[in-house]
Amino acid sequence: MNSLLEVKRLTKRFRGIAASDGLDLKVTRGELHAIIGPNGAGKSTLIGQLSGEITPDSGSIAFDGVDITHMPIHKRALLGVARSYQITSVFEELTALQNVALAVQARSGHSFGVLGEVAQEWKLLEPASQAIEAVGLSESMNHPAALLAHGARRQLELAMVLAMRPKILLLDEPMAGTSPTESKQIVGLLKKLRGTMTIVLIEHDLQAVFELADRISVLVYGKVIASGHPDEIRSDPRVIEAYIGE
Ligand code: ADP
Ligand code: MG
């Protein structure tokens with residue numbers, strides 16, 4: 001079986017509105033799979049159901065051959081499902097490096113003790129500094145998170161997810177609110193990551209999507225209306241009508 005992730009007939013309603021409406025999706029192992037679609041199409045709702053924050057009404061999600069439809073978030077994380085952290089999970093008073101070290105600690109599934117106990121620290125700080133370097137945040141790694149600019153915070157969040165060494169990385173608009181320079185850095189980072197793990201990327205910046213994606217799925221009104229290689233998607237009349245030509 002080549003699909004790492006297989007979503008079947010996923011349905012989720014909010015007050016009668018179907019944010020997922022019988023959604024089918026297959027993500028192949030190792031690919032960077034972008035999901036595009038207009039505002040309100042149900043992209044974030046899909047990511048929420050994949051990560052476990054949102055419970056589907058019906059349908060199923062299989063990851064690596066395991067049915068995870070009703071599995072709690074932390075168990076999915078242990079299987080290797082990770083989404084970028086929300087801003088609230090960053091400890092403002094700790095440095096960028098310490099925040100990533102805590103993410104490494106979380107991944108290990110057991111406590112090494114309080115951060116600061118020197119004997120344990122290297123086990124956390126070594127992989128943490130690797131993740132910090134991978135996202136290009138080395139210069140700011142000893143700054144308290146509170147002092148990081150918006151773009152650097154997005155990089156920090158990415159480093160925290162990477163430190164979990166996920167099998168699948170779920171990214172919901174990682175470039176939102178970043179400057180052009182920061183967006184370029186994130187595109188560069190995704191290019192480096194591409195091929196090393198499976199990535200599901202939701203992104204509004206179509207130029208970045210067409211540059212990065214191995215495959216693209218188009219989500220409209222809670223349904224995937226097209227899935228294919230970037231060239232197929234670019235020229236699909238349904239896609240142009242539903243999204244690109246809007
Ligand atoms: P996208 O990320 O593609 O912009 P969303 O998944 O955020 O779309 O939203 C899809 C639809 O579901 C929208 O109509 C949105 O208003 C609705 N929705 C999403 N989350 C909630 C919620 N927690 N409560 C009520 N409605 C929601
Ligand atoms: Mg969204």
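Strands β7 (residues 168–172) and β8 run parallel and are joined by five bridges; pairing here takes at least two DSSP bridges between two strands. Strands are DSSP runs of E with at least two residues, helices are runs of H or I with at least four, and both are numbered from the N terminus. This is a predicted model, in which local features need pLDDT of at least 70, side-chain atom pairs count only at pLDDT 80 or more, and totals for chains, interfaces and linings use all residues. Residues are numbered from 1 along each chain as its sequence is written, while chains are lettered from A and ligands numbered from 1 in the order in which they are written.

Together with helix α6 (residues 180–193), β7 and β8 make a right-handed β-α-β unit; with the strands pointing away from the viewer, the path from the first strand over the helix to the second runs clockwise. Strand β3 (residues 32–36) also runs parallel to β8, with four bridges between them, and His-33 is partnered with Val-200.

As for cover, five of the five residues of β8 (residues 198–202) are buried (20 or more other C-beta atoms within 10 Å of a residue's own, with C-beta atoms placed from the backbone). Thr-198, Val-200 and Ile-202 point one way, and Ile-199 and Leu-201 the other.

Turning to ligand 1, its surroundings include Phe-14, Arg-15, Gly-42 and Lys-43 (C-beta atom, placed from the backbone, within 6 Å). Both β2 (17–28) and α1 (43–51) give two or more residues to this shell, and α1 supplies the largest share, three residues.

Technical notes: A residue is buried if 20 or more other C-beta atoms lie within 10 Å of its own, exposed if 12 or fewer, and partly exposed in between; C-beta atoms are placed from the backbone.
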